[in-house]
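Visitor: I would like to go through this protein by question and answer. Please show the structure and then take my questions in turn.

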Amino acid sequence: MTTHTMVSGGRELRSHIESLGSEAVELTVAARHEEAAGIISLTLRQADGRDLPAWRPGGHIDIATPAGLRQYSLCGDPSRADEWMVAVLDEPDGRGGSRWIHEHAFESSNLWASSPRDTFRFSPAESALLIAGGIGITPILPIAEDLAKNGARLRMLYTAREAGAHAFSGRCRALGGSELWASGSRGRIPLRQELEAAAPGMAIYCCGPDSLVDEATELANELGIGDRLRVERFSADVEAVRAGDSAFSVTMRRSGKDIVVPADVTLLERLGEEGAFVVSSCHAGICGSCETPLLSGRAEHRDQVLTDEEKAVGDCIFPCVSRALPGEHLVLDI
Ligand code: FES
């Protein structure tokens, strides 16, 4: 076995580790396993042996790579304070983060990550429909396991191209009500049928490729059950700054500074110019990393993290994409 004591990555990696700020956690890879073709799992421990920050099912961490911070869902056992697990799909044509992890993260390697963040905002339910596509199983599986442990009735559909391509298939099968779907031989999962069969009050979670999440969202809205659906995406087609955007003013409550965000600049960029540190990863309103408490003022929420109800409550904002509504002044707890 090859032993790697330090992950290499040069100046870019160091700058992305620095961008994690004071919450950077130095990790050691305790184990690496091939979970399915192109998918590895990494068991991670804190490098100094201390317990890790707690997380809830659906939570994720940002791992620093030379290509930037990359978001990975925690997919191990939340009751284990000594270790985290992530699964990484090798994407040779991706932006480079996952490829780098496949090439550099081996037993005894070190990685740096953020503390966990809760994007899915999972809550207990008596019954749930869980839909996962490909690597989208990673946030869904701990949610399903938690629900099953607490006696919920589950229906889980996990679609992958072929029979051997399902990661964590043993854990999935151990859950009652799960079905591993091979789309290469069976076609797309019958989403409409599954959603129509969802009993009243059933919580619905979906994570996977955009095509799957889009279809689930459209169908759930059409069936009038969109408020029960929680989704997580891997990518987003979001314009953070749009034609017609206007400048708006912001008070940074903790520092007492009043600033103006120009029409062609994101709130996140402007906060950075003022030296306000906000962790960010996707810059597209999907990862939840940059969540910032909003004390007053109404925002135009462009993220895909909050539900419509949470947007209406309006007590937080994702400044990588979101802005003030016309004429509104925002006060941030920052
Ligand atoms: S950086 Fe991902 S939501 Fe803002």
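Visitor: In which loop does Phe168 lie?
Guide: This is a predicted model, in which local features need pLDDT of at least 70, side-chain atom pairs count only at pLDDT 80 or more, and totals for chains, interfaces and linings use all residues. Residues are numbered from 1 along each chain as its sequence is written. Helices (H or I, at least four residues) and strands (E, at least two) are DSSP runs, numbered from the N terminus. On that numbering, Phe168 lies in the loop between β9 and α4.

Visitor: Is Phe168 buried or exposed?
Guide: A residue is buried if 20 or more other C-beta atoms lie within 10 Å of its own, exposed if 12 or fewer, and partly exposed in between, with C-beta atoms placed from the backbone. Phi of Phe168 is near 55°, a positive value in a residue other than glycine. Because Phe168 has 20 C-beta neighbours inside 10 Å, it counts as buried.

Visitor: What is the handedness of the β-α-β crossover from β9 to β10?
Guide: Strands β9 (residues 153-160) and β10 (residues 178-182) run parallel and are joined by five bridges; two strands pair if DSSP finds at least two bridges between them. Met156 stands opposite Ser178 in β10. A crossover is right-handed if, with the strands pointing away from the viewer, the path from the first strand over the helix to the second runs clockwise. Here the chain passes from β9 through helix α4 (residues 169-174) to β10, and the crossover is right-handed.

Visitor: Is His283 buried or partly exposed?
Guide: His283 is found in the loop between α8 (267-273) and β15 (292-296). Phi of His283 is near 55°, a positive value in a residue other than glycine. His283 has 19 C-beta neighbours inside 10 Å, so it counts as partly exposed.

Visitor: How do the residues on the side of domain 1 that touches domain 2 divide?
Guide: In domain 1, 13 residues are in contact with 12 residues of domain 2. Ala, Val, Leu, Ile, Met, Phe, Trp, Tyr, Cys and Pro count as nonpolar, Asp, Glu, Lys and Arg as charged, and the others, Gly among them, as polar. The residues on that side of domain 1 divide into nine nonpolar, three polar and one charged.

Visitor: What is the radius of gyration of the protein?
Guide: The radius of gyration is taken over C-alpha atoms, and the globule rule is 2.2 Å times the number of residues to the power 0.38. For 334 residues, a compact globule would have a value near 20 Å, which agrees with the protein's radius of gyration of 20 Å.

Methods:
Two residues are in contact if their C-beta atoms, placed from the backbone, lie within 7 Å.
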